[in-house]
Structure formats: structure tokens, C-alpha cells
Amino acid sequence: MQFGEIIPRRAYIFRSLKHPDEAKIFREVYGAGFYLIAAYAPHSARRDHLARGIAKSRNEYPIDRHYERAEQLIARDEQEFGLRHGQNVSDTFHRADVFFDTSDREELQRSIRRFVELTFGNTFHTPTKKEFAMFLATAAALRSAEMGRQVGAAISTDAGDIIAVGTNEVPKAGGGLYWSDDKPDRREFVEGFDSNDQHKRNLVADTLRSLQTAGWLNMERSTQPIQQLVEESMKPDVLGSDAQFRGLIEFGRAVHAEMAALVDAARRGVGISGASLFITTFPCHLCARHIVAAGIDRVFFIEPYAKSLTAELYPDSIAVESPQAGVKQVVFEPFVGVAPRQYMSLFTALDRKRSDGTVIQFVPAGAIPRFSGNPKMYLEQEDEKVTVLGTLMTKQGNLFQ
């Protein structure tokens, strides 16, 4: 590359990313010049679309005879078990910069146009009520010092007024949760261990001790110290990641974000019946029952939560995505709009008026991206990543020779 050389500017569209590492490497290379777009459709719509495609390719109708195969494909896309680098859409989707609902074609076109104009500096596009509420939920999540994950919640009226926010953190006497400048600070990381993890190990130890006492363990295991048995049994190849006890969540000291928001509203005497709850992660089954009992009308979430048994335990009062016809249910649905991660960069105002006070209109034909970037930098990053990838592939190839 010569000094002063003009590099042609291009935009590339990758049709599908199905693993979080793919998104990660694109962000490392292209930085703010990369946007991950998530296209949402209800589960039933995806199943019908796949079944219809299978039926057409085989000329075998009706389409419902292919539902089983369609469900298998959806499950494989969401998480391909047994393959480290297999498809994992469930852990990729929520990392997007914008979420589109594909079920309404007209609304989809409007949403895409708005997002493109935002990236090209249309400074008169401002946040929707949902985008504002989810951004505040995300901001609330950042005050959590929990060792597992940071979760935030915001309760909003239909008019967009924020009633309460909450995060997952340890409660303190007198009301509320610990802050970083509280003295003393008794949050879990200060204590040095995760209480939920500790209690799960205690349950395993208690079970093994009972089996050992009852003589149900073989000769070798019957004489080993319980702590040694616990350490060995906790290995992934013994009690796998899908073991049900690993999903236990009720022994944590922290108040969950949804409960924190509900309690915050209750402490201040603010009604929340009919309001919407915005949560960064799909609610667990413990919080779900409180959400229903409190009178929340709708729940919007971004990140899935595999441990949640919400849909299984409360099919009468909670509907994930689509409610049953004629049945009063609280609807849990994926968030649609600009993701909180892009809120500041896309909604920060640029110049809106001239020196004489007249409006600077957005003109698509002359618009330039908010982020122009440095072509030389990302070209160097590309070369570096390709070199690393080539080295890894060579090492793996040598292992199999």
C-alpha cells in the first residue's frame, strides 16, 4: 500500500453467522464497522418455513408430515451438541447490534431502512419506548458484581415511563441492594465464593454420603472420602453439563433483577399492574411466578436462559412468543429494535441545524457512515487473523496425520 493511495470502500454482507466465535472475530477485526443483525421469527413460523421447503424439494405434501425433521433442524441450529465448533445460534443471536421481526414484511422494511439511516448518520431517528427501556435495563445490569452473570430489568408503562429498575445483587438490611460504595460491603465476591455453587456441592456430598452409608457404592468408592468423591463426580465427563442439579438456582444470595425491580416498585408504593418488564436475560422460573402474580402484562428479553423452566411450569399463565387464543396469559417475547450495545453510538446526536437555525435534513444520496474507520488497520487485522487461523489448521492437521 502506497502513501496517499485511495482504497475503494465496500460493504460485505454475510448471510449467516451461527457461532459466537464468528461474531467475536469479526468485531475484533472490523470494530465499529461491523454490525451483527438478528432476524427473529416465531418458532411456529420457522418450523412451517422449513417444512414447506422440505415438502417442495421432495414434492411430498402436506407440510405437517415434515414437522419432525424441521424441528430437528431448528434444534441443531440452536445448539449442535457434541461438536465444539458446531452451530450455536442460541448463544449468538442475543449478541446482535439490532433485532428485526421478520413476521411483518412492511414493518421489517421500515426497520431495516431506519437502521441503515442510523448507521449513515440520520440524527433525527430517536429511541423507541422499548429501546429506551431495554437500554436502562442493561445499564442497571452493569451495577451487578455477581460472579455468574450481570442481569438488569426495567418496568415501563405503555407510555414509556420507567417505573422501576433492578439488578441481580445481594440485598442489604433496610431495603435495596448493596452498592459498591457501601460500608461494609457484603456482596458475594467479597465473601470469596458463590453460595449457590457451594450448596449444589453440598447436595452432591449429602447424596453420596447417603449412598455410601446404604452400601450402594462399589467397594472402591465405599471407602473413599466424601470430598474426594464430590470432586470426581463434579467432572464434566461424570456428571455432564446437562445434569439437572447443575440448573439449581435457589441457593444464591442475590436478589434476581426482576424481583429487585418488583420489590423496588412495591417499596415506593408504585403500581405496576398492566406494565411491561424489560429484562436482559429470559426470566428464571423463580422470577416468572412473581412476574405473573404482580400483574405484569408483557415481558421482553434479549438473552436466552437454558436453565429456566418457565414455559414448562406455567403453561396456563405464561406464553412464550404467542398466547393461546382466548386465554389470558403473560406474553414473554424477544426484544426487537436497536440493541443496547449500539444505543449510545447510534442515537448520539450529530449536527442538526445550521448557523442560521435551519434544519440540516438527512439526504441519503450524500450520507456517509457514522463510523468511517481506518482501512489500513482492518487490512492488517485481517492478515493477522488469517495467519493465526492458518497456524491452527496446520497444527490440527498434524495431529490427525
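Two ground rules before we start. Residues are numbered from 1 along each chain as its sequence is written, and side-chain values use heavy atoms, with hydrogens and water left out. Because the model is predicted, local features need pLDDT of at least 70 and side-chain atom pairs count only at pLDDT 80 or more, while totals for chains, interfaces and linings use all residues.

Let's begin inside. A nonpolar core here is a set of buried Ala, Val, Leu, Ile, Met, Phe, Trp, Tyr and Cys residues joined through side-chain atoms within 4.5 Å. Buried means under 20% relative accessible area, exposed means over 50%, and partly exposed is in between, using a 1.4 Å probe and protein chains only. The largest nonpolar core has 28 residues. Ile155, Ile296, Val299 and Phe332 have the most contacts inside it.

Now pick out Phe332. Which residues is Phe332 in contact with, leaving aside neighbours within four places in sequence? Contact means heavy atoms within 4.5 Å. The list includes Phe282, Pro283, Ile291, Val299, Phe301 and Ile318.

Next, strand β8. 5 of the 5 residues of β8 are buried, so the strand is largely enclosed by the rest of the structure. Both faces are covered. Val330, Phe332 and Pro334 are on one side, and Val331 and Glu333 are on the other.

What pairs with β8? Two strands pair if DSSP finds at least two bridges between them. β6 and β8 run parallel, joined by 4 bridges. Strand β7 (residues 318-320) also runs parallel to β8, with 3 bridges. Look at Val331 in β8. Arg298 stands opposite Val331, and Val331 is also the bridge partner of Ala319.

There is another sheet to find. 3 strands form an open sheet in the order β1-β2-β9, with mixed pairing. Why is one side of β1 (37-40) and of β9 (337-338) left without a neighbour in the sheet? Both stand at the edges, each with a single partner strand, so one side of each has no neighbour there. β1 and strand β2 (residues 98-101) run parallel, joined by 4 bridges. Ile37 stands opposite Val98 in β2.

A quick stop at helix α1. Its buried residues are Pro20, Ala23, Phe26 and Val29. After α1 comes Gly31, with a positive phi near 55 degrees.

On to charges. A salt bridge is a side-chain nitrogen of Lys or Arg within 4 Å of a carboxyl oxygen of Asp or Glu. How many salt bridges does the structure hold? There are 21 salt bridges. Take Asp77 and Lys18, whose side chains meet at 3.2 Å, N to O. Asp77 lies in helix α3 (residues 67-78) and Lys18 in the segment before α1 (20-30), so the pair ties together parts that are 59 residues apart in sequence. Asp77 is partly exposed at 23% relative accessibility. Lys18 is partly exposed too, at 27%.

Here is another pair. Arg267 forms a salt bridge with Asp264, the closest N and O atoms being 3.5 Å apart. Both lie in helix α10, 3 residues apart, about one turn of the helix. Is Asp264 buried or exposed? Asp264 counts as buried, at 17% relative accessibility. Elsewhere, salt bridges that share partners join Arg27, Asp97 and Arg341 into one network.

Last stop, a loop residue. Glu250 is found in the loop between α9 (226-233) and α10. Glu250 is partly exposed, at 45% relative accessibility. Not counting residues up to four places away in sequence, Glu250 touches Asn196 and Leu286. Now compare Glu250 with Asp237. They are 13 residues apart in sequence and 25 Å apart in space, C-alpha to C-alpha.

Note on methods. Helix = DSSP H or I, 4+ residues; strand = E, 2+ residues; numbered from the N terminus.
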